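Here is a brisk report on the complex shown below. Confidence comes first, then the fold elements, then one residue.

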Amino acid sequence: MDLKLDHYTEGDTEIVVVEGEIDVYTAPRLRELLIDLVNKGNFHLVVNMEKVEFLDSTGLGVLVGGLKRVRAHDGTLDLVCTQERILKIFRITGLTKVFGIHNTVQEAIDKRSAK
Amino acid sequence: MATITLTISALPAHVRTARLMAATVARRAGIAASAIDEIRLAVGEACSRAVAAHKVHCPAQPILLQLIDGSSPDTVPVSLPDAAGLVPHTDGTGAQRFEVIVSDRAPAQDTVESVGPAEPLLEGLFLDGEDTPPGGISGFSPGLGLAVITGLADEVKIDPSDRGTIVRMSWPLMSQPSHDPSAN
């Protein structure tokens, strides 16, 4: 299926909900959304990937790009993902050390608040 | 060996088509269910890399994808129009393996690529925003794509040349191929 994007605010965190396939064709839309959110002053992002069916290196590049942008404002970008097949590509590329990857949106928010 | 050949225009939208076809053919060939996701991802990475290279160097040229089921008794040779002489030939090692060959026609010497641990790739190789070269695809990093392919495929061989790059990937087939008619 194609990519569906949504986002909502929870406290000082913007939750981005991603559904479908993130690949070389659809990743530019996610990139535009992340840039738009940062440009509007949202520097704490949580990307919920529980409904992502496919993720490739282009999608990883967009997520790292988003991380770079929020860090430039002392912000954070955390991920919510429990799907083994999606987590695998983060492991292969070593990006599990770069992103905070959580089981739920609430866990992602709580862990950042505790820092 | 049965071979299925797909030619795609160098457009990101067609990478998904290539992925779906690779997964379908792999399933039919009897690849273990756990490896189907790996094949889908590796083929997508190889095609994304090829599309990105073509967009810069030769956007009008097609990209060739070959899916070779080493278990099939079909031995009818596939004859392809090959103006550039680029159609790679299997080297006979494909028996009892599922092999995928992605061939592009972009000169390899102009494409800066590397395969290695992800850590060095994090600095500068993630193309994003203003880092994207003219005609490039935002967010795509060829080096990272090849690193993912290397991590996923059971065997990988990458042959770059001034006439294009050939990426060969293969996975072992299970002894009893699946003939489940619903396996589409």
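Predicted model: local features only at pLDDT ≥ 70, side-chain atom pairs only at ≥ 80, totals over all residues.

Two stretches of chain B have a pLDDT below 50: residues 114–121 and residues 124–131. Both still make contacts in the model beyond near neighbours in sequence, as tabulated here.

| Stretch of chain B | pLDDT | Contacts beyond near neighbours in sequence |
|---|---|---|
| residues 114–121 | below 50 | 16 contacts |
| residues 124–131 | below 50 | 20 contacts |

Chain B as a whole averages a pLDDT of 78, and 63% of its residues score at least 70. For the complex, the predictor gives an ipTM of 0.87 and a pTM of 0.81.

**Helix packing in chain B**

Two packed helices are described by the angle between their axes and the distance between the axes. Helix α1 (residues 13–29) of chain B and helix α2 (residues 33–57) of chain B cross at roughly 145 degrees, and their axes come within 8 Å. The crossing of α1(B) and α2(B) is right-handed. From α1(B), the contact includes B:Val15, B:Ala18, B:Ala22 and B:Arg27. From α2(B), B:Ile36, B:Ile39, B:Val43 and B:Cys47 are among the residues involved. By type, the residues of this contact are ten nonpolar, two polar and three charged.

**The sheet of chain A**

Chain A holds an open sheet of five strands, ordered β1-β2-β3-β4-β5, with mixed pairing. Its edge strands are β1 (4–10) and β5 (100–102) of chain A, and each pairs on one side only. Neighbouring strands are turned by 25 degrees against each other on average, direction ignored. β1(A) pairs with strand β2 (residues 13–22) of chain A in the antiparallel sense, over seven bridges. A:Glu10 stands opposite A:Thr13 in β2(A). Helix α2 (residues 57–71) of chain A lies across β2, β3 (44–55) and β4 (76–80) of chain A. This helix runs at about 180 degrees to β3(A).

**B:Leu152**

B:Leu152 is found in helix α4 (residues 142–152) of chain B. Is B:Leu152 buried or exposed? B:Leu152 counts as buried because it has 22 C-beta neighbours inside 10 Å, and the cut-off for buried is 20 or more. Leaving aside neighbours within four places in sequence, B:Leu152 is in contact with A:Ile92 of chain A and with B:Glu38, B:Leu41 and B:Ala42 of chain B. B:Ser170 is 18 residues from B:Leu152 in sequence and 9.9 Å from B:Leu152 in space, C-alpha to C-alpha.

Technical notes. Residues numbered from 1 in each chain as written. Chains lettered and ligands numbered in written order. Axes fitted to C-alpha atoms, helices over the stretch in contact; angles between N-to-C directions. Helix = DSSP H or I, 4+ residues; strand = E, 2+ residues; numbered from the N terminus. Left-handed = near helix turned anticlockwise from the far one by under 90°. Contact = placed C-beta atoms within 7 Å. Nonpolar A, V, L, I, M, F, W, Y, C, P; charged D, E, K, R; others polar. pLDDT = per-residue confidence, 0-100. Pairing = 2+ DSSP bridges. Buried ≥ 20, exposed ≤ 12 C-beta atoms within 10 Å, placed from the backbone.
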